[in-house]
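Hi,

Here is the structure I promised to pass on. Have a look at it first, then read on for what I found.

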Amino acid sequence: MESRCERFDEVSCGCCGERVDVFAVEPFSTVACPACGTELTVPARFGQFDLLQVLGQGAMGEVYLAWDRTLDRRVAIKVMCPGVVNGERELAVKCIEEARALAALNHPNVVQIYSVGGEETGQPFIVMEYVSGGRLDRLLEEVGHLDEARALEVAIDVAQGLAAAHRVGLAHGDVKPGNVLLDDRGVAKLVDFGIARYTDRESSISI
């Protein structure tokens, strides 16, 4: 994706500590450490964030696993495509406004939004909680189905997240296994309010 990212001149091998020149290498591609042969993914820099890998891509932008250098923590960051921002400025602004509203919703079954920004640079972004356990749809592809007790646990988590969103007037609108993430304890969290609507007014968001 074309974005306001900066390339790294070099990276350090996590295995042997060798410094590897990667300035001419495309971000998120892999290179082999010349000293030990370890495969390294080349990051990119986006403001205060080091983008480590692409987690997913949608109509509005791409989601990255990132390291927040200011707060020293892993986050997920959705960076909106320049084409979306340039061609649908009103939609992008509305998305950011609704993301700010959703950030006030702090619930264990909804992926937390930490901050938004980038309007001044022309490339808005949303910084979110990184959930490490993977997506429910991918888990179902691996195991085929969940046993009854586990399925009920996930359903209850999702229902509680939806209820919390509803209490602030927000209807998700796109509940499916691909929009349910699992943390490292197996707790289900709703993400990607892709066609969500505030129930008291005619507006939609894509987060």
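The protein exposes about 10,900 Å², and carbon and sulfur atoms supply 50% of that area. Keep in mind that this is a predicted model. Of the 207 residues in the protein, 43% are buried. The secondary structure comes to four helices and 16 strands. As for contacts with a separation of 6 or more, 46% of them are between residues 24 or more positions apart.

Seven strands make up an open sheet, in the order β1-β6-β7-β8-β9-β11-β10, with antiparallel pairing. At its edges are β1 (6–7) and β10 (113–117), each of which pairs on one side only.

Going through some of the neighbours in that sheet:

- β6 and β7 (residues 49–57) are antiparallel and share three bridges. Here Arg45 stands opposite Asp50 in β7.
- β8 (residues 61–68) and β9 run antiparallel, joined by eight bridges. Leu65 has Ala76 of β9 opposite. The two strands form a hairpin with four residues between them, and Asp72 in the turn has a positive phi of about 55°.
- β9 also pairs with β11, again in the antiparallel sense, over five bridges. In this pairing Val79 stands opposite Phe125 of β11.

β9 itself (residues 73–80) has six of its eight residues buried, so the strand is largely enclosed by the rest of the structure.

Next, the aromatics. How many aromatic pairs are there? The count comes to three. In one of them, Phe46 and Phe125, the ring centres are 5.4 Å apart and the planes stand at 85°; this angle is over 60 degrees, so the pair is edge-to-face. This pair ties together distant parts of the chain, since Phe46 belongs to β6 (residues 44–46) and Phe125 to β11 (residues 125–129), 79 residues apart.

Arg45, the residue opposite Asp50, lies over the face of Phe8 at 4.2 Å from the ring centre. Arg73 lies over the face of Tyr114, with 3.9 Å to the ring centre.

Where does Asn109 lie? You will find Asn109 in the loop between α2 (89–102) and β10. Its relative accessibility is 3%, so Asn109 counts as buried: the cut-off is under 20%. Leaving out residues up to four places away in sequence, Asn109 touches Asp157, Gln160, Gly161, Val187, Ala188, Lys189 and Leu190. With Ala188 there is a polar contact as well: the backbone oxygen of Ala188 lies 2.9 Å from a polar atom of the Asn109 side chain. Val180 is another residue to check from there, as Asn109 and Val180 are 71 residues apart in sequence and 9.3 Å apart in space, C-alpha to C-alpha.

Cheers

Key: Residues are numbered from 1 along each chain as its sequence is written. This is a predicted model: local features need pLDDT of at least 70, side-chain atom pairs count only at pLDDT 80 or more; totals for chains, interfaces and linings use all residues. Side-chain values use heavy atoms; hydrogens and water are left out. Rings of Phe, Tyr and Trp (its six-membered ring) pair if their centres lie within 6.5 Å; planes under 30 degrees apart count as stacked, over 60 as edge-to-face and the rest as tilted. A charge sits over a ring if NZ of Lys or CZ of Arg is within 6 Å of the ring centre and within 35 degrees of the ring normal. Buried means under 20% relative accessible area, exposed over 50%, partly exposed in between (1.4 Å probe, protein chains only). Two strands pair if DSSP finds at least two bridges between them. Contact means heavy atoms within 4.5 Å. A polar contact is a pair of N or O atoms within 3.5 Å; within protein, one must be able to donate a hydrogen and the other to accept it, and residues adjacent in sequence count only if both atoms are side-chain atoms. Accessible areas come from the Shrake-Rupley method with a 1.4 Å probe; for residues, only the protein chains shown count as cover.
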